[in-house]
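Open the model in your viewer and keep the selection panel at hand.

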Amino acid sequence: MSHLLNSAAEESLLSRGFSRRQLGRIASVFAAGAALPFYNEAAYAQRAMRRNEMSPDAVRINSNENPLGPCQDALEAIYSVAKFGGRYSPHNENGQMAEMAASTEGVKPENITVYAGSSDPLHYVVCAFCSPTRPFVMADPGYESGASTARFIGAKAIHVPLRKDFSHDVQAMVKADATPGVIYICNPNNPTGTLTSSEDIDWVVANMPKGTVLLLDEAYIHFSHNAKMRSDLVNAGKDVIILRTFSKVYGMAGIRAGFAMARPDLLEKTRTFAATGFVPITAMAAATASLKSKTVVAERRKINKDIRDNVFEFLQAKGYKFTPSEANHFMVDVRRPGGQVVDALAKQNVMIGRLWPAWPNSVRVSIGTQDDMNKFKAAFAKVMA
Ligand SMILES: Cc1ncc(COP(=O)(O)O)c(C=O)c1O
């Protein structure tokens, strides 16, 4: 069975204590296109729809998407490159994107691997660094995609509650196991939208055991006014892998682009588990054009914040507790089993996000357009009355 994995992946798994039987199980997934057990936000949203049908005019604030879609420069880049789509790499789109990403982040091109979004590298990092003796450690509530991969490959996933201020409890995370494979910090965190300080992140890097990798998922960082991007850790040669996606501020969830940023040896180990590594040239051209834009991030950060502030004012006036999010989503305490509110809002044609068992009375809401949020507010007031 395991002959379905490439020899580097097989060697990597065997050297880290996986049994032949586990290899067969992992191989069968890769053979199936790594589809079934590897979840991402869209899959979670789909599953969380419960019995709720989504009509075409529904308010879709359930998967942390960006209703603005790709920026104008990205759309033009897609249009211009599409006619060259008969070639695998008409103008070295991959190299161009890696160069642009490197100069934006202040790292070298060899510190970048381009992917079709950040879900894939997230899964691959877990495959490359977790094992039966090296668990995946994450926050609770947190973005659980890596944990599902860890469990699937036969590694333990350890969930450490967020601190009272909704930051990652880095001391508890490092202490959670003697030999973690991956410590995962999502900053800002999904689903709370809350921040973990740079001091805390530095503390993890200084105190995690040798052989552990810090996976820093900065999917939502462009929306934050206070979070600091940490490519400096890559330049310092630390055991840190940073994930970037174009699905959030850049509005390209359906176009699919992202990258992993790290020391070349860490990138190579990760890439061992990538099926082909191909990314569509349209996605890469759009990502490169987005990075070249001098205005898109600041504009969208402001739009998102203004709309988020408006919803927060509404919730505050009504006396609801919510997480102090700096992202395009937040958790609100609805003081009853969250599923009841998800279902009741769906009946009002407003689809909100999902539930986390750790916080059964809270639901996640994504920030849509102001019009979306006006509809959310009206439906929420009605449902909660
Ligand atoms: C924290 C986090 N990381 C990664 C992803 C993966 O996104 P994508 O594969 O679209 O880049 C998501 C999606 O919602 C996310 O919330």
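Start with the whole protein. With 385 residues, a compact globule would have a radius of gyration near 21 Å, and the protein agrees, with 20 Å. That radius is taken over C-alpha atoms, and the globule rule is 2.2 Å times the number of residues to the power 0.38. Show the C-alpha trace: along its principal axes the span is about 60 × 50 × 40 Å.

This is a predicted model: local features need pLDDT of at least 70, side-chain atom pairs count only at pLDDT 80 or more, and totals for chains, interfaces and linings use all residues. Residues are numbered from 1 along each chain as its sequence is written.

Switch to cartoon. The protein has 15 helices and 11 strands. These are DSSP runs (helices H or I, at least four residues; strands E, at least two), numbered from the N terminus.

**Two domains**

Colour 41-69 plus 296-384 as domain 1, and 72-292 as domain 2. The bounds come from an automatic or database domain assignment. The domain centres, taken over C-alpha atoms, are 25 Å apart.

Now select the contact between them. Here 24 residues of domain 1 meet 24 residues of domain 2. Contact means C-beta atoms, placed from the backbone, within 7 Å. On the domain 1 side, helix H13 (296-318) and strand S9 (329-333) each supply at least two residues. H13 gives the largest share, 5 residues. By class, this side of domain 1 has 10 nonpolar, 9 polar and 5 charged residues. Ala, Val, Leu, Ile, Met, Phe, Trp, Tyr, Cys and Pro count as nonpolar; Asp, Glu, Lys and Arg count as charged; the others, Gly among them, are polar.

**The ligand**

Which residues are closest to the ligand? Select Glu 41, Gly 117, Ser 119, Thr 245 and Ser 247. In total, 16 residues surround the ligand. Each has its C-beta atom, placed from the backbone, within 6 Å of it. By class, the shell has 5 nonpolar, 9 polar and 2 charged residues.

Select 136-140 (strand S3) and 157-161 (strand S4). The two run parallel, joined by 5 bridges. Pairing requires at least two DSSP bridges between strands. Find Val 137 in this pair: opposite stands Ile 158 in S4.

**Backbone details**

Go to the loop between strand S5 (182-186) and helix H9 (198-207), where Pro 188 sits. The bond from Asn 187 to Pro 188 is cis, with omega near -5 degrees. Pro 191 is in the loop between S5 and H9 too. A cis bond joins Asn 190 to Pro 191, with omega about 25 degrees.

Finish at Asn 92, in the loop between helix H4 (72-82) and helix H5 (93-105). Asn 92 is not a glycine, yet its phi is positive, near 55 degrees.

Definitions and conventions:
Contact = placed C-beta atoms within 7 Å.
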